[in-house]
Amino acid sequence: MAAISSEGDLDFNQLKVLARDELIRTLESMPDSKDLVIEPKLMKILDRIAGAQLLRNHGASKIFKLELNSPKTDSGQRMYICRPTAENMKVIADHIKSDKQGGKKTSYTVALIPKKMYICEVIMEEEGVYGDVTFEECKLGLIPLDNDILSLELPEFFKSFYLHGDQSWISPIVNSLINLQVIFHKIPNISSQGRCAKMVLEMTKTIENLQGGVLGDPDHQIGHLFLIDREVDMVTPLCTQTTYEGLVDETFGINCGYCEFGKDVTGTDKNIKLLLNYEDDVFEEIRNRHITNVFSFLKAQAQHVQSGYMKGKNITQIGQMKDFVSNELKDLKQQSKSLTIHIGASEKILQQTTNEPDSKEHLQTEHAILEGIGYKDSFSFIEEKLDRQASASKTLRLMCLLSLTSNGLPSKDFKTLQSHFLQSYGYEHLLTLNNLRLCGLFTEQQSTEVSKLSMSDVQKLADKALKRTAFRAICKKWNLIPKDNVQLQNPSDMSYVFSGVYTPLICKLIEQTLMKSPSSTLEEVVKLLPGDNCTFTRTMSAKGKGSGAAKSSSKVVLVYFLGGCTFAEIAALRLLGAMKGYKFMFATTSIMNGNTLIDSMIDNGKGKS
Amino acid sequence: MSVRYSLKGDEEDEGYWNQKEKRQNFFDDADDENEIIDWTGTRIEEFTGSQVTSARGTNKNASFTKPSRPVEIANNFPKTGEKISKPSFILTTSSETVGTKNLSKPTSSSASSLESAVKRDSKLSHTEVSKLYAEVTSLKRKLQSSERSRWDAPKVSDTIIRMVMGEPFSLEMYKSLPDKLTLLDSAIEYHDGNSITAIVLFLKKTLKNSIFISELRKRPVAINHYAVYLRSMGDEEVLASQLQILGRKEEAAMCRYRLTLQESSPQARYQSMKKCTDSYFEGSKILHRETVLLREQCSLLNKQILIEGADSKASRERKPPFADCPKEAELYFLPLITTLYYCCKYHFNQSQSSISSPESLVKEFNMSEKQYVMTAAKACANQRKWADLDTLLAPKKWIMKTKKPTVGFDRIVGILLKAKAPNDILQKYMLMMDDTTKRLETAKKYKIHSVVIETLKQMRDLRGLQNYRTEVTYGSSEDIQLQTLLKNTSIKWKT
């Protein structure tokens, strides 16, 4: 199982092959021709793994989206591919019942990604269609989005775990971790931070114990694993990212690696969907750059392409021409297509910051909040933004940022922002604010009457208070807010991903752990972070004791974000890796940004809670 | 012993025995079937066959009470034994463990049948017979244990592991409360949400509601999963009432509130919102703030109903302010600020006493000056009512309260730009912007030349003025303005 390519990268292609095999196995579990009904959210995931042709090669005759109405088709076999949610099960049950009423004889397979949940059976039983359905598990776990990013593509995870306390997804995460260690061998060093990370770690140990494999493996290809809760740093996702990739995600939305650009970007009358990953040379070059450093490169590249075309014009001999057309021209065309889009996209991004009258102020306010200066100005800027009914989710980002960095707002300020928000966007958003409060994103400073509390309550309160004043203390201890100007063109500090204003906390935590900073400072900070911290090294298996421990793989670090990560964090760690000689690989429940985070919290009483 | 035979007559626990009786009949049917098949085979096969039936009988007990209590196995045994007397006799003679004492009666009655059987098969030596006995015993044991493990509850820890590993499992056999709770607690310990949900639903199904609730209340994680389940089933009514009894009053109240928002008719929503506030929010210390806000929402809806009633009538009758422009959308459920905008748009200059006047709304909801001025300015700008805007922004009003205007002119200019106000209006308000750098920047961006020139003059920036000449059309009024300034020697330019 050689999974390391020449550069020392892990080969995620193997995961893709396994995922494809699993999909094929699932499809073949229902022999012969059948209709496929796929949950819309999963379309892109399946695209990344297989594509329609593969589905057809394995018996898919017609492909439908899972919708309320049963697909109109006469095929005698139908396979549903969906997440194991109650909602999906009910829709499918309705399909089956209406098919039966219509006198259709169909056999149904329900393939659940990544596992069958108990409620699936409960609902089918209750709906009286349990006997009509064959359940199949399609164990698609981590999907390779790029040559260093794996994702479970579960954007709902953050809300379900942190807001509702739903632990149903812990087991799929654990399975993904166990599978990774089957391919890349047992990871010897493991660090975790946070509630969810602790659960994942404990369940992993339980299962490893059952399977009898807790020992380290000398062939390990990943030296260190970090399991980190999103909750550890909620400030980062709320900040406006300033790398190209981060901004593309915030402006256009990257979904499963795909990004759809509108007509204003493509300069044609069509939208273009582009796969953004390392295969796109232009993108690979600019993705981690600070936005101010993108245009110059694109310009130079455009000139380069132009001169390439010019070269073609000057060719006189037919042999050279043939060579040019078959080799260079193809590349040039590919490059110019990608250049057009990236130039268009960066233009649009820059335009946004100049055209929107207060976007500059917005960014300034954000920076002031992070630095902890000018609280009053920031507050009144937010208040005015609310009163003007400016974009709700952008304003909420600032509100949450202000609350997080001041460890909850003073009662009076909290109430002012609360009522102005509700007055501008509707009182029903009380539900939204309630969600934000429960997730600790927008909170009021507690004023508790100490006299009424028992001793243990006081202790708890003191601990809480300690954690509450944590943000400033951590910033100070780890210098998260650089005092000097940070180089944005040739960055040497991770904070460049936020224009040198803030260093993503999780990235700093990883740096400090790997660099083995004096354990006292590490402990001091870790104490202030939410959830437990745990670091341990596996005992090596007997055969490993003799062999040399120092190998390149010990520099390969896997960071698993539980609850989502941002492109800014990925860029920061890529930089850290380049500077310190580490190779970072990323796994996450999903890629997120401030907009997606806030949108997941929004509830105005319509639809499902 | 006779007491043990008479199942019905037992005084210890009526329900227990009655239940067992029912099950017994069920199994008896199965036994009959077994007889037909099994008795056609050889003797040894008969033995095993009968063992199956008797073992099943044993398990009838096991499924009701703690497994493998020899007394009860014995209790049950004779019933099946009577029906198929031969095998049961063999069983008892060959095995001491099943409780020979209890079975002494059938043994004596059928002892001769074994002897004659052995005699008939005269070819079998004594050792062979004892070998067979030994084999029978061992097979019997194996069967008994496998049958028992099939119907008995397996160890809780085993079942939990099966659940966590995603293997098939069954919870039906866990009848005792401690077992059920151990199941739940171990699932929580393993952090597996899917198992927790499964066990919670099992408890819900098999426990009396009061016990279910009181046990769940001790386990917040279990409540979370129960709530997730109810939420996913889409019945918020049930969710709210269950959360209420589970002691999560605040969460339940928010659920109830959410339900009121499903009402699509304004009057119905108003009523149900009021009711919800009164019954689930009012009086709660933790929900005090929410209560205030809900009351506000109720008043707003009430106000909207009143205004909408009057205005839609006026609009139908083409009366002012809808004489020439009929009302567009309905006012219901719009946010407060949007309602204020509506009032500014249609009822700007109405007296404070009128219900639809902006002032009355501002007063009733205790809105800030800032909220009012910005919303009113937007309404004026969008309707091109420049005189009204002037009155609104006239400094007189503000001097009374504060020195600085409530809303900076940069904001007003922002509103005007968005409303695409004509240049002269923009010019006028741009010049009121305090921050000259910002003013210059904005004026340049939107090419309001006279403001640029005026600002540069104020900043005494000669170089800037000279450079700006290229932007201005030759001979235009701005050009003349610029030329005059450049010639003016009384200005002390910055160097």
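This is a predicted model: local features need pLDDT of at least 70, side-chain atom pairs count only at pLDDT 80 or more; totals for chains, interfaces and linings use all residues.
Modeller: Let's start with a word we'll need: a residue is buried if its relative accessible area is under 20%, exposed if over 50%, and partly exposed in between.

Biologist: Fine. What is the mean pLDDT of chain A, and what share of its residues reach 70 or more?

Modeller: The mean for chain A is 89, and 93% of its residues reach 70 or more.

Biologist: Where does pLDDT stay under 50 in chain A?

Modeller: One such stretch is residues 1-7 of chain A, for which the model has 14 contacts beyond four places in sequence. Another is residues 544-549 of chain A, with three contacts of that kind.

Biologist: Now helices. How do I read which way a helix faces?

Modeller: The general idea is that an α-helix has 3.6 residues a turn, so residues three or four places apart point the same way. Here, take helix H26 of chain A, residues 594-601: its buried residues are A:Gly594, A:Asn595, A:Leu597, A:Ile598 and A:Met601. Looking down the axis of H26(A), you find them within an arc of 165°, so they line one face of the helix.

Biologist: What covers the buried residues of H26(A)?

Modeller: The cover includes five helices of chain A: H6 (157-163), H9 (235-238), H10 (244-251), H17 (392-405) and H19 (430-438). Have a look at the start of H26(A) too, where a side-chain oxygen of A:Asn593 comes to within 2.8 Å of the backbone nitrogen of A:Asn595.

Biologist: And loops? Is A:Thr503 buried or exposed?

Modeller: A:Thr503 sits in the loop between helix H21 (470-478) and helix H22 (505-514) of chain A. Its relative accessible area is 2%, so A:Thr503 counts as buried. Beyond its neighbours within four places in sequence, A:Thr503 touches A:Asn479, A:Leu480, A:Pro482, A:Asp493, A:Met494, A:Ser495 and A:Lys508.

Biologist: Let's turn to rings. How do I describe a pair?

Modeller: You give the distance of the centres and the angle of the planes. This structure holds 20 aromatic pairs over all chains. One of them is A:Tyr130 with A:Phe135, a tilted pair at 6.2 Å centre to centre and 55° between the planes. A:Tyr130 is partly exposed at 38% relative accessibility, while A:Phe135 is buried at 16%.

Biologist: Which residue has its charged end over the ring of A:Tyr258?

Modeller: That's A:Lys273, 5.1 Å from the ring centre. Rings can also join up: ring pairs link A:Phe157, A:Phe158, A:Phe161 and A:Tyr162 into a cluster.

Biologist: Last topic: chain B as a whole. How many helices and strands does chain B have?

Modeller: There are 27 helices and zero strands in chain B. Of the contacts in chain B between residues at least 6 apart in sequence, 52% join residues at least 24 apart.

Biologist: How far apart in space are B:Thr137 and B:Lys487?

Modeller: They are 125 Å apart, C-alpha to C-alpha, and 350 residues apart in sequence. B:Thr137 belongs to helix H7 (residues 126-151) of chain B, and at 16% relative accessibility B:Thr137 is buried.

Terms used:
Residues are numbered from 1 along each chain as its sequence is written. Chains are lettered from A and ligands numbered from 1 in the order in which they are written. Side-chain values use heavy atoms; hydrogens and water are left out. Buried means under 20% relative accessible area, exposed over 50%, partly exposed in between (1.4 Å probe, protein chains only). Helices (H or I, at least four residues) and strands (E, at least two) are DSSP runs, numbered from the N terminus. The arc is that of the directions from the helix axis to the C-beta atoms. Contact means heavy atoms within 4.5 Å. A polar contact is a pair of N or O atoms within 3.5 Å; within protein, one must be able to donate a hydrogen and the other to accept it, and residues adjacent in sequence count only if both atoms are side-chain atoms. pLDDT is the predictor's confidence in each residue, from 0 to 100. Rings of Phe, Tyr and Trp (its six-membered ring) pair if their centres lie within 6.5 Å; planes under 30 degrees apart count as stacked, over 60 as edge-to-face and the rest as tilted. A charge sits over a ring if NZ of Lys or CZ of Arg is within 6 Å of the ring centre and within 35 degrees of the ring normal.
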